[in-house]
Amino acid sequence: SCLIVMLRATASTRPATPAYLARSPVSSRRLHVRAQTNVFEEVGSAQITENQLQAQRYVAMNRFQTQGGGAPARFEQRWANRPSRLAKLKGFKYFSLLRRVPVEEGGELNLEDGEPNYTSFTIWDDKSGFDEWRKGDAFKEAHGGGTIFGFVDMLVNSLQTLKGAPKPAFYDCLIPISMPLTADDVPLAPGGWREVEADGKNTLDSDCFVAMNRFSVPVENCEAFEKRWASRDSKLEDCSGFRFFTLMRRDAPPGAADDSFNYVSTTIWKDRASFMAWRESTAFQRAHGASKEDTGKDAAAAPPPPLFSKPPSVACYEGVLMLTTEQGA
């Protein structure tokens, strides 16, 4: 089922522009906007075995591709100004709007056609907190205010900044490692949302740096893949600037992930400099070598065979509008 909102105007009989659309003119003569109500159909659909790891957090992501020119700054402005009390909600742990950046500082960001350059990233204590949010008033407030006029206004504004519809994705959080924060490291959000000056012309300053490594793992290898990650000797807690780690497992049936990646390792750092320092450290080499169960002579001679079906894909982001607590994610 779906909700269809249709706005039509012809060159000869164009009605006066409604007040709620006056600040967002649309150039096309006919505009069809469709908002599907089944965007959450993946939630709870994963099929896991009794030997796979149990989820310890839940992650909701929504992926966006912005248009060129000044669209990224306008997109961030819309997020900065949206009505939200996310940080006040039961079960909330962490949020950041992730802006895709090159892996190497100063490098070029080359994305394939259709690949998103922004991702909203929210961590919940468990899936029940996420379910309560998406079915409650707070979700409506953040997505148009619950009225048809607010809904249409939100969609029309999206058309000015985005290419195509957002693509949601949901994940179980496995083996999370979270560092407590000082009060100075927790951004102020008195009403549950950041109060940030966003002019729509310049992108926002980053609050954190996020590194993801995305894996395509055949279903027959999932148990072994999770076991190998659970037995890694990473020592991330000892690294300066480390904030959070998790291995995310896509909450979707086998083979249903739209981007083909059913596992994503995610590490949150204070900044890019902290990430780079870790990447050049012995801790990085240790974490990407043999696991604790493979540290015998045979493991030293040859690393264990890969369990994924194609090479992993790295994606790095600057996080803006970050929300968290002193307990961390």
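In this predicted model, strand β8 and strand β9 (residues 263-269) run antiparallel and are joined by seven bridges, two strands being taken as paired if DSSP finds at least two bridges between them. Within this pairing, Met248 has Val264 in β9 as its bridge partner. Strand β8 (residues 242-250) is also joined to β6 (residues 167-178), through six bridges and again in an antiparallel arrangement, and here Tyr171 stands opposite Arg250 of β8. Nine of the nine residues of β8 are buried, that is, under 20% relative accessible area with a 1.4 Å probe, protein chains only.

The protein chain as a whole has eight helices and ten strands, these being DSSP runs (H or I of at least four residues for helices, E of at least two for strands) numbered from the N terminus. Of its 329 residues, 45% count as buried.

Residues are numbered from 1 along each chain as its sequence is written, and side-chain values use heavy atoms, with hydrogens and water left out. Local features need pLDDT of at least 70 and side-chain atom pairs count only at pLDDT 80 or more, whereas totals for chains, interfaces and linings use all residues.

Terms used
Buried means under 20% relative accessible area, exposed over 50%, partly exposed in between (1.4 Å probe, protein chains only).
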